[in-house]
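Here is my note on the structure, written for a colleague who has not seen it before. The points below are meant to be read with the sequence and the coordinates at hand.

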Amino acid sequence: MKHAAADARATLAPLLACLRALPGLAERTPGCFYRKGSAWLHFHEDPEGLFADAKLDGWRFERLPVSTAAQRAHLLARLRQSLAR
């Protein structure tokens, strides 16, 4: 599964804007976010759709679908919960 290319990231633009506003995250390359110096969130695309890999527990990447608006809202809620810990 390849990292999300520019056209896929364009689809995620509203989500990426929300992520850029979250405290504690740094976007080192487009669509790749770090927390406390460690890779924390990035996006992939494949024929099944768009996916986010996030370290919601702080240790392991968990893959979540982000192809639909509802899936993106779910991801954002989970990310906010993780950052609040």
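1. D57 is partly exposed, with a relative accessible area of 37%, where buried means under 20% relative accessible area, exposed over 50% and partly exposed in between, computed with a 1.4 Å probe on protein chains only. D57 forms a salt bridge with R60, and the closest N and O atoms of this pair are 3.5 Å apart; a salt bridge here is a side-chain nitrogen of Lys or Arg within 4 Å of a carboxyl oxygen of Asp or Glu. R60 counts as exposed, at 60% relative accessibility.

2. A word on the basis of these values: this is a predicted model, in which local features need pLDDT of at least 70 and side-chain atom pairs count only at pLDDT 80 or more, while totals for chains, interfaces and linings use all residues. Residues are numbered from 1 along each chain as its sequence is written, and side-chain values use heavy atoms, with hydrogens and water left out.

3. A search of the whole structure finds four salt bridges, and one of them joins the side chains of D53 and R63 at 2.6 Å, N to O. Because D53 lies in strand β5 and R63 in strand β6 (residues 62-65), the pair ties together parts that are 10 residues apart in sequence; helices (H or I, at least four residues) and strands (E, at least two) are DSSP runs, numbered from the N terminus. D53 is buried, with a relative accessible area of 6%, whereas R63 counts as partly exposed at 40% relative accessibility.

4. E27 forms a salt bridge with R20, with the closest N and O atoms 2.5 Å apart. E27 is partly exposed at a relative accessible area of 28%, and R20 is partly exposed at 47%. The bridge partner of E27 in β3 is F33, and four bridges join strand β2 (residues 25-29) to strand β3 (residues 32-35), the two running antiparallel; strands are taken to pair if DSSP finds at least two bridges between them. These two strands form a hairpin with two residues between them, and G31 in the turn has a positive phi of about 80 degrees.

5. Which residues does H44 contact, leaving aside its neighbours within four places in sequence? They are M1, K2, H3, A4, G49, L50, F51, D53 and R63, where contact means heavy atoms within 4.5 Å. H44 lies in strand β4 and counts as buried at 6% relative accessibility. Its side chain reaches the backbone oxygen of K2 at 3.3 Å, and the side chain of H44 also makes a polar contact with the side chain of H42 (3.1 Å).

6. K2 lies in strand β1 (residues 2-3) and counts as exposed at 53% relative accessibility. K2 and H44 are 42 residues apart in sequence, yet 5.5 Å apart in space, C-alpha to C-alpha.

7. The largest nonpolar core has 22 residues, and those with the most contacts inside it are L19, L41, F43, L75 and L79; such a core is a set of buried Ala, Val, Leu, Ile, Met, Phe, Trp, Tyr and Cys residues joined through side-chain atoms within 4.5 Å. The elements giving two or more residues to this core are α2 (13-21), β4 (38-46), β5 (49-54) and α3 (69-84), and α3 gives the most, with four residues.

Key: A polar contact is a pair of N or O atoms within 3.5 Å; within protein, one must be able to donate a hydrogen and the other to accept it, and residues adjacent in sequence count only if both atoms are side-chain atoms.
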